[in-house]
Amino acid sequence: MEAEVLELRSFVRQALATLSTSRDGAEITCTLQAVRQYVGVTEDGKCSLRSREFLNTHYPRFLQVLVSNFQADWLQLLPVNQERELLDGFFLDGPPQHAFLVMLDTVTADSPSFRQDRCVEILERFLREHRMGQLIWEVSQDGDPPHTDRELLLARIAALPDHMANKLQGRNRPTFYPQNYYPLLSREMLGVLERVSQQLRGGTDSSLSFVSQLLGKVCIQGHSAAVLEVLVPQLTLLTQSDCIWRRICWRLVDDVPERWMESVVSGVVQRAEGPEVLSRLLGSIVLKNKKAEFVLTHKFLLLQYHHKTSVLQSLLGYLAREKSRDSLLIEVLKKLLEIWGSGSAVRHSPVEQQAYISKAIAIGLGELSQSQIQQHRAELLSLMMGGVDCHLDSSLVRVRRLGMVVAECVSARVDTGEHRLTFQYEEDDETREIHSLCSPRPLSSWDNPPQPHRNGDAQTDTRQEPAESGGPVQTESGSESELDSDDELVPYDLSADSELCRGRAPMYVGDCLEALLTSDSPERVEGSLKVVEDLIRKNPTAAAEIGVELAKVLLHLEDKFSIVGFTGLRQRALVAVTVTSVVPVTQYLTSEFYAVNYSLSQRLDILDVLVLSAQELAQPEPSTGAGSLAEESRGPLPQLQDGTVSDPSRQWKQIIEQRLQKKTHRFSKGVMTPGPQASPNRLAPVAGRFFFPLINNYDRPRSPYDFLSEPLMLGRLTHALAILMYLSVNVPIAIHMGKALLGFTWVLRYHPDTYVRQGALFACSSVLLSVPSDRLLADVPDELLEARSWLTDVAENDPDTDCRRLALQNLLLLENLGKKLGICSE
């Protein structure tokens, strides 16, 4: 044996010398053919002693020498049309790990050359002929390879597209593009797993450590989507009824190194179709690996909130499917309820995250068994009650609605009978979805998702409505069913009918005031409330004499008789009396806003009336008579639903958006139309009477209402002041209003409540849009610099999406101001 080894060593040394120095084509060809017999396997599938010695000892060195001779003039010495047969086989038939490293090292070390192009060509063929799968298999079966060699192979295989793109740049080939390479690598890994499955069925153990490490390495580098989109569907099918494949999947995930576990588990969870599939692919990894447990029970549910609802259903269903994981499900649900019920989380986390946690709670409740519910009933109820208070205290409607719907879900699962909680709120798609999530998704919906029927499909719904008792299903002309049909009956003409008059409506404003103040007749109160607005506008002089008294009565008027549209009728009457008798009524309303013995609803009513009145005064007054003022001048004032609280910021944010669009210069215009005739701005002389009494008294010690500690009221006040500021565009006093509003919003810029922060940003937009640019730059330059710093911080770090969007809009307006400042300075 030693003689053969020495003889082979001498032969290889002579061959390397010939390849390096000879310029005789025949001699080079003969040498290559002689060495070729030691590469590959014999016909019986076994390697000779010399072949094993050559491959184990001399093969890498031989490839390096061979590659060093890859030059055009050297290759021309070989026989025509035999170059590929003589050379490529050395790289494609020998140990793939050595061939792969030599070729890749040559590509990355060389500058653009013939040798580099030749290695790229062979490497591309290496991938096409599935040599990468053979490489992974051989390294996996190697009992104890050197750690450095394995790490080197992992790094090179996982980052092959990066190496090729960095070196080849514009000359790179599509085979090495990430979108092509990583799916190919996934298929090679599946082939290795198939060979492992065959060995296990034959009773032979096999290792998956290298495959697991490669999977983790690729996923941590950001290519989990490309790899797992191939692996997960195939493994889902293979594990459906095969326990050996399930064991392979479990071991594949178990052997992933700790530092790469998160990327693998996260990718599998996002692509597994249902809890059963997730159980087949992951097994009990959540109980075995602390990193996997953290990802599945904490990070997916509490730190991330961008995943689809189906991912939440799959994950929580996975925790509930096995008894060994039941304890984790209840722990996760309690943790979710704790975060959901945290006042700090409600104030500082984005609404989207709160909605995500709400859906997770509903899904978790649906997965609980009756025994778990009974065992943890008291604790679940306690957590739920604390969370309801935090949500109902929020100034955001969506947050309050989420609190109510989650409380209903918890109560529906935990309580029975008459003790279930119910709330009154306006349902939307989100609330209906959360309610539906309390019921676990059927397994059949994961395996066979419903497909929409197309028009003309052969499949139709075979269910039919039951026929009438005694009536025929199919009828012809003159049949009994046609005679009984109501389709041919002609409706009676009621167009000329009028509603029965239940009482004579008042004809004077004074009569309306007396009826609203003293009458106990529902008909008289309703009739007065319906006509008082028109009477005020038709006879403004008479209304002005009793304007303050009428405003006082309307403000304190209660809906004792459940009048339809009561809130809207009263509001429109208050607006009419305010615009008719502006100075005294406005002074009364602004002073009463900070007075004692007023409810939250009444104070909000005052803000709405002041805003709507200012809006009407800011609109151009028509030239027609006073009788048309009720229809044209005031414009379409928003109607309020009974029992609701209006939010003027919704419609005014849209108006601000339109104003931004108008400030954008266009190069082309449509057909020119005559503009409106000029008319005096009725708000200009009285704008300060609306604005300054509201902004000057909010923090006075004599104020009975702590506005700074009540987010809803503070937010509504901020939005109302911002709207009044916007309506005062081109008003001489606007600059003073802008200064005061910027100072008012300074203490609110980092308020913990989202609605208040939105109001501060909205107010900043109003100032920038309403005050002339030159006045802002001249009078408040320091405030603008401070505002820029604040807006930049909000745009980058605020958890609320709307706040970030408003901050970006304000920064755009400030940028426009900066451009004007540059022009002025020039």
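Helix 12 gives the most to the lining of the largest cavity, with five residues; helices here are DSSP runs of H or I with at least four residues, numbered from the N terminus. Helix 13 (243-254) and helix 14 (261-271) also supply at least two residues each. This is a predicted model, where local features need pLDDT of at least 70 and side-chain atom pairs pLDDT 80 or more, while totals for chains, interfaces and linings use all residues. Residues are numbered from 1 along each chain as its sequence is written, and side-chain values use heavy atoms, with hydrogens and water left out.

A cavity is a set of points on a 1 Å grid over the protein atoms alone where a 1.4 Å probe fits but cannot get out, and lining residues have an atom within 4 Å of a point. The largest one has a volume of about 100 Å³, taken as the space filled by probe spheres set on the points, which are joined across faces, edges and corners. Its lining has 11 nonpolar, no polar and no charged residues, among them L215, L228 and V264. For the classes, Ala, Val, Leu, Ile, Met, Phe, Trp, Tyr, Cys and Pro are nonpolar, Asp, Glu, Lys and Arg charged, and the others, Gly among them, polar.

Q313, I363, E367, P440 and R441 lie nearest its centre.

Notes: 1 Å grid on protein atoms, 1.4 Å probe; cavity = no way out; pocket = protein on both sides within 12 Å on 5 of 7 lines; lining within 4 Å.
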